[in-house]
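Trainee: I am new to this structure and would like to learn how to read it. Could you walk me through a few features?

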Amino acid sequence: MVAVTSWRVFWVPPDRLRGGLRPSVLEGWDALVVRETAVGVRAGDPIFLSPDFRVDPLLGLYGQSPKFRNYEPETKRNYATDIALLLTHLWARGKSWVETVLRDLEDYEDWRRFAPENPSQIGGSKWDRELAAFLGLFKWADRAGWVATNPVTMRQVVTARGEVVKVPDARAKNARSANVHWLTPRTWRLWVDVGLRGHGRDGVPELGWVGRLEDRNVAFVRLLVSVCPERERELVVGQLPITVLCER
């Protein structure tokens, strides 16, 4: 058996799928939806699972908070992934996330952005997104009394409009804003599912969807991405959604 060393995130499925568990396989789980509803769990909430296969109840409460639930679906997934990476980093050092202090975040930033031994260093923009995820979590935990202090320290800055706002001290100085030339793997899969396979934003095929050429279109796009030069890929893929929408 392979040892699990990282935190993982699972998601409560859409309401129309939550009752699809098979009681014969998972005995006693037939009333799971009722029990989840009784404690405030909703479709789309995250479940954080530690490397020793324990669900963190406090992180579950954060996932149920109005702040987190009001994020866009992709922001939820991005932030949950970023938080899970931090949890894994802390776990390897024998620390719980509620024990996090400023030095822990500084060490984590150094590993993520600058450590020569890290083969997957990230840029300033990605770090700022992770920092925003941490700020949301620790601000909530600080207000709820789950942490002694918020480890994400803040400072005041003056915006271009002359407004005074607070921003994290650790914000990257070399971050580029809103200059996207590519899709993340998750967003790419979402584009394929929604644009070519008739899925809704919840990842489930829409009722009444008849994808006569679905398999062909998906196979063509995947082949295109794997073999075509970047410029040709942009030209052809950019035209696909129009064709697909017409087929609908």
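Mentor: Gladly! Let's begin with aromatic pairs: rings of Phe, Tyr and Trp (its six-membered ring) pair if their centres lie within 6.5 Å, and planes under 30 degrees apart count as stacked, over 60 as edge-to-face and the rest as tilted. This is a predicted model, where local features need pLDDT of at least 70, side-chain atom pairs count only at pLDDT 80 or more, and totals for chains, interfaces and linings use all residues. Residues are numbered from 1 along each chain as its sequence is written, and side-chain values use heavy atoms, with hydrogens and water left out.

Trainee: How many aromatic pairs does a search of the whole structure find?

Mentor: The search finds nine. In one of them, tyrosine 108 and tryptophan 127 are tilted, at 6.2 Å centre to centre and 50° between the planes.

Trainee: Why does this pair tie together parts that are apart in sequence?

Mentor: Helices (H or I, at least four residues) and strands (E, at least two) are DSSP runs, numbered from the N terminus. Tyrosine 108 lies in helix 6 (residues 102-114) and tryptophan 127 in helix 7 (residues 124-144), so the pair links parts 19 residues apart in sequence.

Trainee: Is tyrosine 108 buried or exposed?

Mentor: Buried means under 20% relative accessible area, exposed over 50%, partly exposed in between (1.4 Å probe, protein chains only). Tyrosine 108 is buried, at 2%, and tryptophan 127 is buried too, at 0%.

Trainee: Which residues form one aromatic cluster?

Mentor: Tyr62, Phe68, Tyr71, Tyr79 and Trp140 do.
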